[in-house]
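Student: I would like to go through this structure with you. Could we start with the overall make-up and then turn to details?

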Amino acid sequence: MTLECEVAIVGSGFAGSLLARVLAVQGYDVVLLERGTHPRFAIGESTTPLANLSLERLATRYGLRDCYRLAAHGRWLAHHPELRRGLKRGFTYYRHHPGEAFADRGLDSERLLVAASPEDAIADVHWMRSDVDQHFVREAIAAGVEYLDRAELTSAQFHDQGALLRGARAGEAIEIRAGFVVDASGGGPSGFLARQLAIPSGLERTRTRAGLVFSHFDGARPMHELLPSLPAGPYPDDWAAVHHIIDEGWMYSLRFDDGVTSAGFLLTPRGVASLGDTASAGAERLWAALLERYPTIGAAFAEATPTMPITWVPRIQHRLTRATGPRWALLPHAYAFVDPLFSTGIAWGLRAVERLGLMFEDARRRGAEGTERARGAAALRGGVPDAAALDSYERALAAEADQIDTLVAGAYESMVQFELFAAQSMLYFATVSFAEVGQRIAPDDSVAWRGFLGVGDPVLEPLFGESLRRLTELARGCGDAGMGGCGTAPVIPRHECRAFVEWMAKAIAPRNVAGLADAARHNLYPVDLDLLVERHALLGMTRERLMESLPALRGLSPEPSFPADIPIERRSADPSTPLGMIRPIVPIERSESRELHS
């Protein structure tokens, strides 16, 4: 089988499938390649306000009604109840200590809640990735994308006009001749283009290191059942991205609406070492040992049963030294992955889809104007991003990967003492809340190219490195070499902790539109629109102008008008199966002549 296309995308997770669809809507001829089949298990499930703003922008720009409706829990339930999801009202954190039940000390408990939305209807969502990724593939097919699953690619050869990809599908040789290749396969050094182009690893420039033991579970108990007397927070504790900070690292717990819980422990190298031979005894034994060590977490999962085998990955971080080249680009998870601690993965991936969409729009515009038009199938109707655009994209990803790594490394350092961790978290929440408000009240096409996580902000960007430096010094000063968990958390003098907390509060003040780092809140932070209005000057706005924007800030704007749904031939779908996973795809003759690459 031989196919030609303008763009080949390798990997059909949410980002690859969405990008394929965006480019198809623009008029590009796209082939989407998948090594496995859908539905399939995946983690990386927790969205954020910035992720959902990207999803809304993609929806309105390219007429993707379903994306708009999947960007808030209430809309999702109303329009796509068949796709499993979980309500996420915010970020919940607890600090646990070995051999001790969680200490309920009322408002003085080691507990932090930061609301991301004021009500359920406009809240963020945990994605059941097996459902959501399959949905996006279906929609890509409906938009005209050629989809090939069970496609095992074995080689990629690049030339001036594009690339020649070779492999096999169901025992049949396949050959894809593409003008441009996007790698959405993930995996860093094990990703498709990383192997084919021998892209060197850049992991040595990063600080964060952790392994992950994880699964999905039925029957996990919510924390409010175990700790019923805790003071009420700005939302129910469990309807959130729940984080359990432990000496060895931390645990995530994401509850879906159907009762399934996605859970995993992130363990630092020193945390793993502190567990002795347990880590080498298998994933199930490691999981059981951690539940035994932390009684409240153990009680939450005592009767929980995994819906799939518990898995141990000794290191989840990866980083490459290149993200683009002539006729190719990587999506973020193929380029770098740090840690799920602040739920940056989906938001960063969607921001990259926005950027690449705009880059191809510009290339198509230039192609239509006859400038820089290549010959042959590489630019039949559109064009491909030029060197300058690709360089901008790569530099953005590199700076943002550094920023995420610096933030997370600082958070691991701060886990030695919860007061420090809560203060370090304020840096993240100040950064994203300032960006969210700005994007909601003044949306424009430049948003996609604004630096992710404070990159390019003269106030915020330098704080990440400075915070990490201060936290590293604190940890070393008390005999801990850092990276958070070491099995026995050291005690940092109270006055040194307070000095860091006070420094952070002052440092974020010029961007603190959410009332963070306020001791009077007792680590319980609601969405406070009245306070936001009071701090209008931080946004460079008058009080009156900000008041006019409150409907948008509350998520009350009406649904945009979308073009009428136009049935498009599902070229690559076998009607007898959900996604054409059985019968091989037969190339379709197109009305235009399609010159083969030489």
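Student: How many helices and strands does the chain have?
Tutor: The chain has 19 helices and 21 strands. Helices (H or I, at least four residues) and strands (E, at least two) are DSSP runs, numbered from the N terminus. Please note that this is a predicted model, in which local features need pLDDT of at least 70 and side-chain atom pairs count only at pLDDT 80 or more, while totals for chains, interfaces and linings use all residues. Residues are numbered from 1 along each chain as its sequence is written, and side-chain values use heavy atoms, with hydrogens and water left out.

Student: What share of the residues counts as buried?
Tutor: Of the 598 residues in the chain, 60% count as buried. Buried means under 20% relative accessible area, exposed means over 50%, and partly exposed lies in between (1.4 Å probe, protein chains only).

Student: And what share of the contacts joins residues at least 24 apart?
Tutor: Among contacts between residues at least 6 apart in sequence, 75% join residues at least 24 apart. A contact means heavy atoms within 4.5 Å.

Student: Let us look at helix packing. At what angle do α13 and α14 pack?
Tutor: Helix α13 (residues 387-414) and helix α14 (residues 418-441) pack at about 165 degrees, and their axes are 8 Å apart. That makes α13 roughly antiparallel to α14. Angles under 35 degrees count as roughly parallel, over 145 as roughly antiparallel, 65 to 115 as roughly perpendicular and the rest as oblique. Axes are lines fitted to C-alpha atoms, for helices over the stretch in contact, and angles run from 0 to 180 degrees between N-to-C directions.

Student: Which residues meet there?
Tutor: From α13, L407, G410, A411 and S414 meet L420, F421, Q424, L427 and Y428 of α14. By class, the residues of this contact are six nonpolar, three polar and no charged. Here Ala, Val, Leu, Ile, Met, Phe, Trp, Tyr, Cys and Pro count as nonpolar, Asp, Glu, Lys and Arg as charged, and the others, Gly among them, as polar.

Student: What about α2 and α12; how do their axes cross?
Tutor: The axes of α2 (residues 49-62) and α12 (residues 345-368) come within 8 Å and cross at roughly 30 degrees. With that angle, α2 is roughly parallel to α12. Residues in the contact include L50, L55, R57 and R61 of α2, together with I346, R351, E354 and E361 of α12. The contact of α2 with α12 has 10 nonpolar, two polar and five charged residues.

Student: Which phi value does A170 have, and is A170 buried or exposed?
Tutor: A170 has a positive phi of about 55 degrees although it is not a glycine. The loop between β9 (162-169) and β10 (172-183) holds A170, and this residue is exposed, at 57% relative accessibility.

Student: And where does H522 lie?
Tutor: H522 lies in the loop between α16 (494-508) and β21 (524-525). Its phi is also positive, near 55 degrees, and H522 is partly exposed, with a relative accessible area of 35%.

Student: Last one: how many disulfides are found?
Tutor: A search of the whole structure finds zero disulfides, a disulfide being a pair of cysteine sulfur atoms within 2.5 Å. As for cysteines, C5 is buried at 2% relative accessible area, and C67 is buried at 0%.
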